[in-house]
Amino acid sequence: MRQTITVDIINEKALNLLMDMERLELISLRKEERNAPADRLQIAQYKGAMSKQSIQDVDTHLDELRAG
């Protein structure tokens, strides 16, 4: 039986108990990144915004920017 439960830690003692349970291989802990959905939205917003260019075109453009 495998279930996923989200727990908000409000006391460090609770975290220590959970880590002990993980060492006993009773549970598996993973840290959830709070900003993950927002990051995905930002990436999707800009996906396809740049057109494909050859490396030579990019190098030429960079040289022009550096010179001017």
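1. The accessible surface of the protein comes to about 7500 Å², and 53% of that area belongs to carbon and sulfur atoms; such areas come from the Shrake-Rupley method with a 1.4 Å probe, and for residues only the protein chains shown count as cover. Please keep in mind that this is a predicted model, in which local features need pLDDT of at least 70 and side-chain atom pairs count only at pLDDT 80 or more, while totals for chains, interfaces and linings use all residues. Residues are numbered from 1 along each chain as its sequence is written, and side-chain values use heavy atoms, with hydrogens and water left out.

2. The protein has three helices and zero strands, and its elements, read from the N terminus on, run α-α-α. Helices (H or I, at least four residues) and strands (E, at least two) are DSSP runs, numbered from the N terminus. Of the 68 residues, 0% count as buried, where buried means under 20% relative accessible area, exposed means over 50%, and partly exposed lies in between (1.4 Å probe, protein chains only).

3. The structure holds two salt bridges, a salt bridge being a side-chain nitrogen of Lys or Arg within 4 Å of a carboxyl oxygen of Asp or Glu. Side chains of opposite charge can pair when their charged atoms come close. In one of the bridges, the side chains of Asp20 and Arg23 meet at 2.4 Å, N to O, and both residues lie in helix H1, three residues apart, about one turn of the helix. Asp20 is partly exposed, because its relative accessible area is 38%, whereas Arg23 counts as exposed at 58%.

4. Asp63 and Arg66 also meet in a salt bridge, at 3.8 Å, N to O. Because these two residues are three apart in helix H3 (residues 55–67), Asp63 and Arg66 are separated by about one helical turn. Asp63 has a relative accessible area of 47% and is therefore partly exposed, while Arg66, at 65%, counts as exposed.

5. Ile5, Val7, Ile9, Leu15, Met19 and Leu29 make a nonpolar surface patch of about 500 Å². Patches are made of residues with over 30% relative accessible area and no salt bridge, with like charges joined within 9 Å and nonpolar side chains (Val, Leu, Ile, Met, Phe, Trp, Tyr) within 5 Å. Val7, a member of this patch, is placed in the segment before helix H1 (12–23), and Val7 counts as exposed because its relative accessibility is 51%.

6. Thr4 is also placed in the segment before H1, and its relative accessibility of 61% is why Thr4 counts as exposed. The C-alpha atoms of Thr4 and Ser28 are separated by 9.5 Å, although the two residues are 24 residues apart along the chain.

7. The largest pocket holds about 960 Å³ of space. Of the 20 residues that line the largest pocket, Ile5, Thr6, Ser28, Leu29 and Arg30 are the closest to its centre. On a 1 Å grid over the protein atoms alone, a pocket is an open set of points where a 1.4 Å probe fits, with protein on both sides within 12 Å along at least five of seven lines, and lining residues have an atom within 4 Å of a point.

8. Glu25, found in the loop between H1 and helix H2 (36–46), has a phi near 60 degrees, a positive value in a residue other than glycine. Most residues other than glycine have a negative phi. Glu25 counts as exposed, because its relative accessibility is 72%.

Terms used: Grid points are joined across faces, edges and corners, and a volume is the space filled by probe spheres set on the points.
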